[in-house]
There are 4 protein chains.
Amino acid sequence: MRVKDENKRKDIIKHTLDIVYEKGIAGVKMASLARKVGLSPATLYIYFKNKEDLILSIFSELIGEQADLSLGQLNTELPYKLKLKKIWLQWLNFSINNFKEKAFIDQVKQSPYCEEMTVKGDLKLHDIGTLLFQEGKEQGLLKEVDNSILKAIMTAMLNESVVLILNKQMELNEENADTMFSMLWDAIKS
Amino acid sequence: MRVKDENKRKDIIKHTLDIVYEKGIAGVKMASLARKVGLSPATLYIYFKNKEDLILSIFSELIGEQADLSLGQLNTELPYKLKLKKIWLQWLNFSINNFKEKAFIDQVKQSPYCEEMTVKGDLKLHDIGTLLFQEGKEQGLLKEVDNSILKAIMTAMLNESVVLILNKQMELNEENADTMFSMLWDAIKS
Amino acid sequence: MRVKDENKRKDIIKHTLDIVYEKGIAGVKMASLARKVGLSPATLYIYFKNKEDLILSIFSELIGEQADLSLGQLNTELPYKLKLKKIWLQWLNFSINNFKEKAFIDQVKQSPYCEEMTVKGDLKLHDIGTLLFQEGKEQGLLKEVDNSILKAIMTAMLNESVVLILNKQMELNEENADTMFSMLWDAIKS
Amino acid sequence: MRVKDENKRKDIIKHTLDIVYEKGIAGVKMASLARKVGLSPATLYIYFKNKEDLILSIFSELIGEQADLSLGQLNTELPYKLKLKKIWLQWLNFSINNFKEKAFIDQVKQSPYCEEMTVKGDLKLHDIGTLLFQEGKEQGLLKEVDNSILKAIMTAMLNESVVLILNKQMELNEENADTMFSMLWDAIKS
DNA sequence: AATGAATGAGTATTCATTCAT
DNA sequence: GATGAATGAATACTCATTCAT
């Protein structure tokens, strides 16, 4: 009996991410994906039930990883601003290093594939945000605006930083990271 | 000889925007679009050479309108912060009132349709940003960071505000608009 | 504008009947059906929504025709036995002349396509049988057994007669028809 | 070396009969059949060369069993009508108890699988019929019609009885069996 | 200009069968 | 013998686009 090569699933996912990054979700054609991975189209259907399953399975796994990442940092004993900066930098780095994953998540979110699915991972992230901003407000460091606004701004700055860096309009170094974070901080601090 | 009916063209565009907002660009099927507009599929091809032309023509027109909008405000004789706020509010309102148009632009930008096209309208916008931020820096009011960063942040805040409002997580009233703008201002002011 | 040739639908149906008779329902391949009719596969989908619709539409139409056929004969003023014979001969002729249609109906009935459909036409036929046998019983001419049994026997004899004739084991002439009917009559008469 | 497990072969056949009864021959998928039996798809191919072989092997075996069954009864020393009734009842019971087998045979007969095969078993049955009806005619008890007609009627009545019983429109008891047989007898008796 | 019919070139998916262990 | 993985060859269906009027 041939043994299942567990790398194959990873290969499929990797190439799917590549394609989505380059051509969008609609650009994922089962046949050409298979060719890229070096498989027969039929083999894809051993690893994923169908195209929807392929897209949503990857989506779920990515959301899960992303959420897991941040949970560790919340309990550190740093001053609030530094802790926030650390988490922010961590998110920034994660986003840069996983820009294809991020692009994939964004695309799926606004695609029809996402319609029926409850995004569990996102809830985790939401809770993290809540905890984080609550702490800042309690220490009187953050503006007294709704958490969703704070989270929106943080996300927005993150996203745009990533875009600037990926578009080579900005380098990813400590100085620039400091600049971006200080602008974020100025925006949300009380 | 009958002439092309300009209303029909507008109808096609309107329904295309609707579809893209609801189902994404991949959801635009020439036949069902035609049915929605009340035309034959063949008639679409009188108004637009093909699907790509349909998408990109709409895209160009929208980008053009968006840019035109802002140009008027630059010459007003208000203090800088107020002028910036006015432009920001104008953009915000425009984005809210034209969220389908905005969604369309975003979708096209990350679609394969956009690949071969030089985004003329965007250049216009880029120039506006340059002028605007230049003025602020000259008056010593803005942080001395790259214009692209300033523009990115302004765009980011705009986008997230729109999302919050459209998702009904935030109301569109003067107070909230003030809050969002003041956060933006804090972020970019020197 | 090209005009729709109403014969095309009939052609599709005719060739579908041929294929089902020769190879069974599973032998109906949309592409080769289209080729036989002289159309593109895509064109089939203008006339029938999908394969299931193709099969079930034909089925419904055939059932309808079959039922309509018999309704007329019920009111004639012949002696019962002669009337029954006339209807029987009519059914026999119909079955012989439309053996492909009959085969089609039989195949669909035991196929998964039939599962979800309520067979309206059959109900009509059922009612006809009921009326017919009721009359015979009232005149004391038929055995006092359940109508479903009488109908079953009549159907059975019909089917087997058709098989014998189509297999060339029996000729379709008046003598043989008489023989078959008299055997049927002997079986059901009181 | 292990030998082919005869129980496995029986299991495969049993589940094949189940599937054909429920979903028709087209419903037999080698992979899911294997799963049902608790085997790997590849293992099926140890027991049967391919799908056609699977279907036709089962078919041949069933035809053989059916013919064997009847041969024993022909020599009994009963009066003709009673002997015929006994054989008829035996066939009826066999058909009821083996309705899946019967359905299988019917389905295969009208499927493309049957095309190239000469139905040996049926010949045996044909000979039995010939002997049986010959005897009846010699004793002046049966109508002087072609044996194929007599056989057709007997088969027809049998089939319809089975259908009535399996559809619960008729109970399988001595009275009903008597009724059905007497109708058959009335039909064929001289 | 306007149109409904028609279609070629895809696209996802299935499934009998074989491979490699 | 037994097996799970792998696949080639279908197959139903879609859709942007063109045809013929």
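Start in chain B with helices α1(B) and α6(B), which are roughly perpendicular to each other because their angle falls between 65 and 115 degrees. (Under 35 degrees counts as roughly parallel, over 145 as roughly antiparallel, and the rest as oblique.) Before you click further, note that this is a predicted model, where local features need pLDDT of at least 70 and side-chain atom pairs count only at pLDDT 80 or more, while totals for chains, interfaces and linings use all residues. Residues are numbered from 1 along each chain as its sequence is written, chains are lettered from A and ligands numbered from 1 in the order in which they are written, and side-chain values use heavy atoms, with hydrogens and water left out.

**Stop 1: α1 and α6 in chain B**

Select residues 6-23 for α1 and 99-109 for α6; their axes cross at roughly 70 degrees and come within 9 Å. Helices here are DSSP runs (H or I, at least four residues; strands are E, at least two), numbered from the N terminus. Axes are lines fitted to C-alpha atoms, for helices over the stretch in contact, with angles from 0 to 180 degrees between N-to-C directions. The crossing of α1(B) and α6(B) is left-handed, meaning the near helix is turned anticlockwise from the far one by less than a right angle; clockwise would be right-handed.

Now show side chains. From α1(B), Thr16(B), Leu17(B), Asp18(B), Val20(B) and Tyr21(B) meet Phe99(B), Lys100(B), Glu101(B), Ala103(B), Phe104(B) and Gln107(B) of α6(B). Contact means heavy atoms within 4.5 Å. By class, there are 6 nonpolar, 2 polar and 3 charged residues (Ala, Val, Leu, Ile, Met, Phe, Trp, Tyr, Cys and Pro are nonpolar, Asp, Glu, Lys and Arg charged, the others, Gly among them, polar).

**Stop 2: α5 and α9 in chain C**

Hop to chain C and select 80-97 (α5) and 174-188 (α9), whose axes lie 11 Å apart at an angle of about 125 degrees. That makes α5(C) oblique to α9(C), and the crossing is right-handed. Look for Trp88(C) and Leu89(C) among the α5(C) residues, and Phe181(C) and Trp185(C) among those of α9(C). This contact counts 10 nonpolar, no polar and 3 charged residues.

**Stop 3: where A meets B**

Colour chains A and B: each gives 26 residues to the contact. They bury about 2,200 Å² between them, 69% of it on carbon and sulfur atoms; buried area is the accessible area (1.4 Å probe) lost on being put together, summed over both parts.

Zoom in on the 2 salt bridges across this interface (a Lys or Arg side-chain nitrogen within 4 Å of an Asp or Glu carboxyl oxygen). Lys143(B) pairs with Asp186(A) at 2.6 Å, and Asp186(B) with Lys143(A) at 2.7 Å, N to O. Asp186(B) sits in α9 of chain B and Lys143(A) in the loop between α7 and α8 of chain A, so this pair joins two chains.

**Stop 4: where C meets D**

Finally, select chains C and D, with 26 residues of each in contact. Their interface has 2 salt bridges, including Asp186(D) with Lys143(C) at 2.7 Å.

Technical notes:
Buried area = accessible area lost by both parts, 1.4 Å probe.
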